[in-house]
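The entries follow in the order I made them.

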Amino acid sequence: MTRTHRARPDAAAAGTLGKAADENFPVAPFFLPRAWRDDLMAVYGFARLVDDIGDGDLEPGGADARHLGIEPERAEDRLAMLDAFEADLHRVFAATGDGPRHPLLRALRPTVRRCALTPEPFLALVEANRQDQKVRRYGTYGELLAYCELSANPVGRLVLQITGTASPERIRRSDAICTALQIIEHLQDVTEDLGRDRIYLPAEDMARFHVGESDLAAPSGGASVRSLVAYEAERARDLLNEGTPLVGSVNGRLKLLLAGFVAGGRAALTAIGAAGFDVLPGPPRPTTPSLLREVGVVLRKARREG
């Protein structure tokens, strides 16, 4: 079979893709078939770039704005950038025209065509980043879950579609895993998010544990903050446990990839617990040995339940 030519990323796009090494979970590990790795990295490039637009973390030099046709003086306008990015996304799916302008979207186009992907998951990720510009606080856990439906769950669904394993039950399990991973990331990044005037800890839970916003700005978390973080971490662990049967429902290399996703979340939770649930000094990160141990735990669990 002749391979579809993929556009080479420019320096800014390469910098975006390079952030894969910093994630809690393996994005496209070496043991996967080359086609899967290419497709997963194409989806990761999209997801990472839209998040970087929403967070104001684009590579310096303005290359992304130029690719999207945004004037230099408007490059800091995140909503304008997201609008331009969404317009370029529609070119990925268009049957006519010259195709997308941004290198990462040009790299996504072969994946979309080969895997028959639909626009909805990608549009949800764009909308999540729009929401980040408008919604800075979440009143309830339910509101946070609705946000995760946009910001996290589409990624897992895309993984299932790329690997040809999507089913209603697997999607349900995948959504639980992805929501858990998003909540864990929020716990790791409380200080960073507060610096962007965002709080992803539900206000109802903050009130329950008597945590005010000023408490989150402290150099180190007091007992109330740590109790709140422990509570949210347990919620994330419950979601991971709910999603873990997904690993046992697939075979081969995909089983190992999904085990890596779950293990990444479990190892991150272990790191948070080892820090005494004090996430304010900086994000607790899992070690490689911890991640590998958790992969073994998840695979053994999947074998017992299989």
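Entry 1, α4 and α6. Helix α4 (residues 78-93) and helix α6 (residues 120-134) pack at about 175 degrees, their axes 10 Å apart. Axes here are lines fitted to C-alpha atoms, for helices over the stretch in contact, and angles run from 0 to 180 degrees between N-to-C directions. Helices are DSSP runs (H or I, at least four residues), numbered from the N terminus.

I note that this is a predicted model, in which local features need pLDDT of at least 70 and side-chain atom pairs count only at pLDDT 80 or more, while totals for chains, interfaces and linings use all residues. Residues are numbered from 1 along each chain as its sequence is written, and side-chain values use heavy atoms, with hydrogens and water left out.

I then listed the contact (heavy atoms within 4.5 Å). From α4 the list includes Leu79, Leu82, Phe85 and Phe93, and from α6 it includes Phe122, Leu123 and Val126. The residues of this contact divide into eight nonpolar, three polar and five charged. Nonpolar means Ala, Val, Leu, Ile, Met, Phe, Trp, Tyr, Cys and Pro; charged means Asp, Glu, Lys and Arg; the others, Gly among them, are polar.

Helix α7 (residues 141-151) packs on α9 at an angle of about 110 degrees, with the axes 10 Å apart. That makes α7 roughly perpendicular to α9. On the α7 side I found Tyr141, Leu144 and Cys148 among them, and on the α9 side Ile183 and His186 are included. By class, the contact has six nonpolar, four polar and two charged residues.

Helix α15 (residues 252-274) and helix α16 (residues 288-305) pack at about 125 degrees, with axes 8 Å apart. They are therefore oblique to each other. The residues that meet include Leu256, Gly260 and Gly264 in α15, and Leu291 and Val295 in α16. I counted ten nonpolar, four polar and three charged residues in this contact.

How many cavities of 30 Å³ or more does the structure hold? It holds two. A cavity is a set of points on a 1 Å grid over the protein atoms alone where a 1.4 Å probe fits but cannot get out, and lining residues have an atom within 4 Å of a point. A volume is the space filled by probe spheres set on the points, which are joined across faces, edges and corners.

The largest cavity has a volume of about 60 Å³. Among its lining residues are His186, Asp193, Arg198, Tyr200 and Leu201.

The second largest cavity holds about 30 Å³. Leu144, Ile183, His186, Tyr200 and Leu201 are among the residues that line it. Helix α9 (residues 168-188) gives the largest share of this lining, three residues.

Key: Helix = DSSP H or I, 4+ residues; strand = E, 2+ residues; numbered from the N terminus. Parallel < 35°, antiparallel > 145°, perpendicular 65-115°, else oblique. 1 Å grid on protein atoms, 1.4 Å probe; cavity = no way out; pocket = protein on both sides within 12 Å on 5 of 7 lines; lining within 4 Å.
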